[in-house]
Amino acid sequence: MSGFLLLCGSQRAGSLNARLLDELARHIPPGHGIDRVMPGEIRLPLFDAALEQDPALQRHLRDLHQRFVRAQAFIIASPEYNGMMTPFLKNLIDWISRLPWLDPAAVNAFLDKPVLLCSATPGWSGGALGLVPLRGLLAYVGAVPFGEAITLPHAAQAWDNAGRLAPPLADIGWGACVARFCAFAARAGERHAA
């Protein structure tokens, strides 16, 4: 397995959640591989079973699916849209989870994989409400959401013009949470290998 797959649920350039992932990646201990899936690498239409047999789409889906399969664990940061995850993120999970139905040789890329959920939003909630349905969806497809989550409210004011995190936010327990998640992922990997 290749370590941690980091995924942003926003497609927006300059996304607050992409910035949050950058900060969290700095807390992943050395020696852990990081695969950052960039939104521009994902070229999947809105899920439609009628499109599943398209050869070009299947090739792209298989490439993405393999990146999820190789990951030991996932760190996902998603904004909250009307109290839900983004349609972009939901669509990606739908497609990745669908491949084993199309190809019996393909494995469930989410099965027993630990997931740390995160959200940064301009509002007061930090995206906590949107993580609830995302947690349910990931558990449904077989992943293991970590008990803790990281949320950043008022995130539009969290970084200065140079892209530096505001000093009061530079150490608010993210490092300790990521360290606990890494230990959780390692234990899950040992159990899975046994």
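Student: Hi! What follows helix 4, and what is its phi like?
Tutor: Gly-142 comes after helix 4, and its phi is positive, near 110°. Helices here are DSSP runs of H or I with at least four residues, strands are E runs of at least two, and both are numbered from the N terminus. Keep in mind that this is a predicted model, where local features need pLDDT of at least 70, side-chain atom pairs count only at pLDDT 80 or more, and totals for chains, interfaces and linings use all residues. Residues are numbered from 1 along each chain as its sequence is written, and side-chain values use heavy atoms, with hydrogens and water left out.

Student: OK, which residues of helix 4 are buried?
Tutor: In helix 4 (residues 128–140), they are Gly-130, Leu-131, Leu-134, Leu-137 and Leu-138. Buried means under 20% relative accessible area, exposed over 50%, and partly exposed in between (1.4 Å probe, protein chains only).

Student: And why do they line one face?
Tutor: Seen down the axis of helix 4, the buried residues fall within an arc of 120°, so they line one face; the arc is that of the directions from the helix axis to the C-beta atoms.

Student: What sits on the face turned away?
Tutor: The exposed residues there are Leu-129, Val-132 and Tyr-140.

Student: Switching topic: is strand 3 enclosed or open?
Tutor: Largely enclosed by the rest of the structure, because five of the five residues of strand 3 (residues 73–77) are buried. Ala-73, Ile-75 and Ala-77 point one way, while Phe-74 and Ile-76 point the other.

Student: Which residue in strand 3 is the bridge partner of Cys-8?
Tutor: Ala-77 is that partner.

Terms used: Pairing = 2+ DSSP bridges.
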